[in-house]
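Let's take a friendly walk through the inside of this protein.

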Amino acid sequence: MIHPDQVSEMLYAAARKTTSSYPSPIPTVIPTPTEYQYVGEAGRRTLWVLFVAMTLVSGAFALLSWKVPVSKRIFHVTATLMTLVSALAYFAMASGQASSLSCHTVRDRHSHDIPDTHHDVCRQIFWARYVNWGLTTPLLLLNLCLLAGVDGAHTLMAILANLVMVLSGLFAAYGSEHTAQKWGWFVIACLGYVFAVWHVGLHGTNLVRSRGGRLQKLWQALAIYSLTVLAAYPIIWAISTLARKTTVDTEIIIFAVLDVLSQAVFGFWLLTSHRAMAETNVDLGGYWSQGLGTEGRIRIGEDE
């Protein structure tokens with residue numbers, strides 16, 4: 001006969017064997033929810049301040065132009081357009097328009113047997129900023145080229161190279177999370193900047209020497225100042241927009257400072273120097289102030 005204790009031991013052993021045949025439960029984790037990086041109160045306040053400031057500066061530049069003959073207003077017009085376009089861009093950003101989200105998928109790694117999870121990081125991108133730069137930085141380069149007497153061919157190439165830099169920044173901001181694509185656009189943007197500097201800096205330096213010592217010193221100071229400020233844009237852009245190492249508010253504040261330096265400060269410096277130095281006058285012919293002359297008009301239906 002089997003002792004009752006032996007029966008209990010046999011049932012216990014069978015139960016243990018049955019339990020061990022099932023796999024242990026897989027630890028579960030709750031995926032990280034989508035992370036949204038939006039502009040905060042400091043950023044919104046900065047956008048409104050820049051809108052008001054650029055509007056006032058545009059008005060000041062326009063008032064300065066009234067005291068100058070039309071034939072000598074080229075720098076007043078370009079400086080006013082720079083700050084006016086910037087004011088419109090900042091109004092669009094401050095009023096909640098001209099922005100959208102750029103989302104990247106981030107992998108969350110876990111320890112031991114817990115499987116990896118993924119979550120999205122969506123950052124607010126202000127595309128009006130790139131429209132602003134695409135219209136204002138060519139005007140800045142045009143001012144430098146006119147001041148030095150750079151020919152139209154090199155001026156056009158400098159402007160096109162600058163547009164390549166701005167558009168590459170826009171494409172990278174909305175690109176995927178792939179490193180090769182994102183930083184590939186960054187390299188293209190840097191090359192665009194180098195080509196713009198080459199066309200403006202090299203040719204401008206050679207040409208401005210023949211226009212007098214005072215103008216040469218002014219142009220060199222303006223060129224070094226403005227091209228240095230422009231060089232800061234891709235650096236900040238790479239740290240904030242591409243690498244996302246700063247908040248949206250910090251990004252807005254830094255770019256606002258750069259915009260003031262490259263547009264408002266540059267414009268005041270150029271216009272005050274232009275007023276004090278007759279050498280800065282640019283001869284664009286009669287077309288700028290009087291339109292096409294009789295000899296330049298096309299006659300239709302007349303015999304030669």
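Helix 7 provides the largest share of the lining of the largest cavity, with four residues. Bear in mind as you look around that this is a predicted model. Helix 4, helix 5 and helix 7 are the elements that each give two or more residues to this lining.

How many cavities of 30 Å³ or more are there? The count comes to one, and the volume of the largest cavity is about 150 Å³.

## What lines the cavity

## The nonpolar cores

Now for the packing. The largest nonpolar core holds 51 residues, and Phe 75, Trp 219 and Trp 237 have the most contacts inside it. Two or more residues each come from helix 2 (41-66), helix 3 (74-94), helix 4 (127-148), helix 5 (152-173), helix 6 (179-208), helix 7 (213-242) and helix 8 (248-276). Helix 7 gives the largest share of this core, 13 residues.

Another core, of 15 residues, lies apart from it, and includes Met 54, Ala 87, Ala 98 and Val 248.

## A closer look at Trp 237

Which residues does Trp 237 touch, leaving aside those up to four places away in sequence? They are Tyr 130, Ser 168, Gly 169, Ala 172, Phe 186, Ala 189, Leu 242 and Phe 255.

Methods. Residues are numbered from 1 along each chain as its sequence is written. This is a predicted model: local features need pLDDT of at least 70, side-chain atom pairs count only at pLDDT 80 or more; totals for chains, interfaces and linings use all residues. Side-chain values use heavy atoms; hydrogens and water are left out. A nonpolar core is a set of buried Ala, Val, Leu, Ile, Met, Phe, Trp, Tyr and Cys residues joined through side-chain atoms within 4.5 Å. Buried means under 20% relative accessible area, exposed over 50%, partly exposed in between (1.4 Å probe, protein chains only). Contact means heavy atoms within 4.5 Å. On a 1 Å grid over the protein atoms alone, a cavity is a set of points where a 1.4 Å probe fits but cannot get out, and a pocket is an open set with protein on both sides within 12 Å along at least five of seven lines; lining residues have an atom within 4 Å of a point. Grid points are joined across faces, edges and corners, and a volume is the space filled by probe spheres set on the points.
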